[in-house]
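Student: I would like to learn how to read aromatic residues in a model of this kind. Could we go through them together, one feature at a time?

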Amino acid sequence: MQLTGAQIIMECLLEQGVDTVFGYPGGAVLNIYDALYEYRNKINHIRTAHEQGAAHAADGYARSTGKTGVCIATSGPGATNLVTGIATAYMDSVPMVAITGNVSCDLLGLDSFQEVDITGITMPVTKHNYLVKNIEDLADTIRKAFLIAGTGRKGPVLVDIPKDVTAQKYEYTPQPPLPAPRGDFPWAERFEQALEMLRTSERPFIYTGGGVIAAEAYGELKKFAELLDAPVSSSLMCQGGYDQTGPRYIGMLGMHGTNTAALAIKNCDLLIAVGTRFSDRVLCNANLFARHCPIIQIEIDTAEFNKNIDVDLKMKGDAREILAHLNGMLSQRQHKLWMEEIAEWKALYPLVQESTSEEEVLPQEVLETLDRLTDSEAILVTEVGQHQMWTAQFYRFRTPRHFVSSGGLGTMGFGLGAAIGAQVANPGKRVINIAGDGSFHMNCNELSTAAQYNIPVIELVFNNQVLGMVRQWQKLFYGGRFSQTTLDRTTNYEMLAQAFGVKAFTISRRSEIEPVLKQALALREPVLINCHINPDVNVLPMVPAGGSVENPILEM
Amino acid sequence: MNHDNDKEYVLSVLARNNPGVLLRIAGLFSRRCYNILSIVAAQTENTEYSRILIVVSGDDRIVRQVDKQVSKLVDIKEVTVLNREEAVVREHLLLKVERNLQNSEKLVEIANVFHAGILNVQPDSMIMELTGDANTINSFIELYNPYNVLKILRTGAMAMMK
Ligand SMILES: Cc1ncc(C[n+]2csc(CCOP(=O)(O)OP(=O)(O)O)c2C)c(N)n1
């Protein structure tokens, strides 16, 4: 079948099971958009307000489904607008394929209008990228891009296609998606060693990262935790990788982790780390992390072994396969004393925070109410800041892919785009973007996208009039010199939302929390809630910079 | 970082001959703050592949990280870390030195001691060529230093396991 390059792109997307793409048109992708028009009954295209929003939407789509997200942008400024979104996906190992147009091959390298070396620019923030100069290579390159994005340690792949390549005709032969290459599996003796360590441990501690979700390992993780009779903690990226309503879950570990998790890491005699890269936000001071116990690390990316800390037993491979194998070997263990101790700490250091005055709305209480009203079943997306940490702390994620947040890059402006992607991918679910007012101002343009397509996301803005998280650091480490963190924007949030065609609500008193949330949840259209909170609420516990994760500040 | 334990290692990287592959490797080094002492790249006996030799200095742990990070790149087929002691390491030098009637014999004499080639002789200059390990090349240069060295070109190290 002779097809144009643009049509070949469409066919290849269909081969990969892509039903939705996010993007923005332009000169260099005119042919691609013409093909999108032709294929509009098979491929749904959402045009965001900004290419960054499109990349974040593809990311939110991917994180909430496990499928590879796709975004499209034109050459030059369109392509560079994707970069923050691509870097965000890269840092959190999210499978994504970004397709960019470029100027025709004969204009490449001449500083032509809207030409930019996007493969050069994105090299450090993609798992791999391609510039397709020959139509013969187009189909296979797109197939390879999906394979690379979605296998091993997942990540974004960029495919840059000059305009003439999308116009040329070439023979297209359909092909099923390429099979994933077999990954590594640890040697039998590694399992023997692991088993020995698990058998002799009296106070084991399971620490989980985003890899658990990427590998869909939660079923095996649950079994493993029960067989081992151990408490489970997680990084920010593993919210919902383990049922947080269960008694074994002891909260996050790291800079804003719970005191129970801090005490557990201090007192455990074996740490089993699954699918985590030991980021500096978790280790805090690497020299003071888990000093007194051996560590088993289960990880698909060899480069993560001994990168940030040394571990005692490395098990390279897919987390689900490795846990399944361990589960098959491990007989039921019992750690009654240890689990009782854990339960005592949990009771002693709960995260609850309730307001005592009608005048003060506490974000923690709003999130707990939201948790109750949605049965812990909504997809919560966040921006970056205090609100992000409160969300991870106070919403009880029971299942994976329900927490969508930029962990590694910490991208303000991520949330609303990602929420749109997550909602499009999960039309039956409630998707709520938890935003700070600073982050909201970075991407509020995407409210227009939600309105136009009637994508029923709830944009919940915790309006504290400040850049809360940075201000908290200034409070702690800069003697309260609030340099540029007091926003005091004159924005009228309700009117702004309405101007975009979005319904708006306000929460400014405690008694309004529940009725407003209920009203918003009852609607099936995009909604903004302007929730006024006090600028002086802190995220606690907190491990100060350079401190030991074992000694968080509990009050300030 | 403790530099006392720093040693030199030669990474021998077999990479697919795709555009930008050298940039990917070099970019990875700069992004992760690994210092490249020298880098040499060329096609292998199989035109689909390039062999890239990178000399880095660092402790054992850093070198292992470099190895793993480079191995992760999609275009990389194989990475071997060669310890300087276990490998034959060679560099190539071109040296141009000022020549006059008084010193010309002396210049040739030094070249002969090192079995260096004389590539070009002009009335006022001379170009020499030498292949050898870094020490040999260093002492060669040192011996010419008193005669006004005009230009030095030196490749990075090539290395092959013994
Ligand atoms: C794009 C970007 N710029 C700057 C930062 C640095 N930063 C981290 S948190 C934060 C404050 C966030 O303020 P806001 O969105 O109002 O949330 P809050 O902390 O008040 O909940 C800033 C500026 C960032 N993470 N991302």
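Student: Which residues does A:Phe440 touch, not counting residues up to four places away in sequence?

Tutor: Bear in mind that this is a predicted model. Setting aside residues up to four places away in sequence, A:Phe440 touches A:Ala435, A:Leu447, A:Glu459, A:Val461, A:Tyr493, A:Leu496 and A:Leu528. Two of these names, A:Phe440 and A:Leu528, return among the residues with the most contacts inside the largest nonpolar core, which has 46 residues, and A:Phe22, A:Cys71 and A:Val381 are also listed there.

Student: How many aromatic pairs are there over all chains, and how should I read the geometry of one?

Tutor: The count comes to 12 aromatic pairs over all chains. For each, look at the distance between ring centres and the angle between planes, where an angle over 60 degrees counts as edge-to-face. The ring centres of A:Phe22 and A:Tyr61 are 6.0 Å apart with planes at 65°, and therefore this pair is edge-to-face. Since A:Phe22 belongs to strand E2 (residues 20-23) and A:Tyr61 to helix H3 (residues 51-65), both of chain A, the pair ties together parts that are 39 residues apart in sequence.

Student: Are A:Phe22 and A:Tyr61 buried or exposed?

Tutor: The threshold for buried is under 20% relative accessible area, so A:Phe22, at 0%, is buried, and A:Tyr61, at 5%, counts as buried. A further edge-to-face pair is formed by A:Phe278 and A:Phe289, at 5.9 Å centre to centre and with 70° between the planes. A:Phe278 lies in the loop between strand E12 (270-274) and helix H13 (280-283) of chain A, while A:Phe289 lies in the loop between H13 and strand E13 (295-299), so that this pair joins parts 11 residues apart in sequence. A:Phe278 counts as buried at 2% relative accessibility, as does A:Phe289 at 5%, and together with A:Tyr207 these two residues form one aromatic cluster.

Student: What lies over the face of A:Phe482, and where is A:Phe482 found?

Tutor: A charge may also sit over a ring, and here A:Arg471 lies over the face of A:Phe482, at 4.1 Å from the ring centre. A:Phe482 is found in the chain A loop between helix H21 (468-477) and helix H22 (493-500), and its relative accessible area of 31% makes A:Phe482 partly exposed. Leaving aside neighbours within four places in sequence, A:Phe482 is in contact with A:Arg471, A:Gln474 and A:Lys475. In another case, the charged end of A:Arg40 sits over the ring of A:Tyr37, 4.3 Å from its centre.

Technical notes. Residues numbered from 1 in each chain as written. Chains lettered and ligands numbered in written order. Predicted model: local features only at pLDDT ≥ 70, side-chain atom pairs only at ≥ 80, totals over all residues. Heavy atoms only, no water. Core = buried A, V, L, I, M, F, W, Y, C linked by side-chain atoms within 4.5 Å. Buried < 20%, exposed > 50% of the residue type's maximum accessible area, 1.4 Å probe, protein only. Contact = heavy atoms within 4.5 Å. Helix = DSSP H or I, 4+ residues; strand = E, 2+ residues; numbered from the N terminus. Phe/Tyr/Trp six-rings, centres within 6.5 Å; stacked < 30°, edge-to-face > 60°. Lys NZ or Arg CZ within 6 Å of the ring centre and 35° of its normal.
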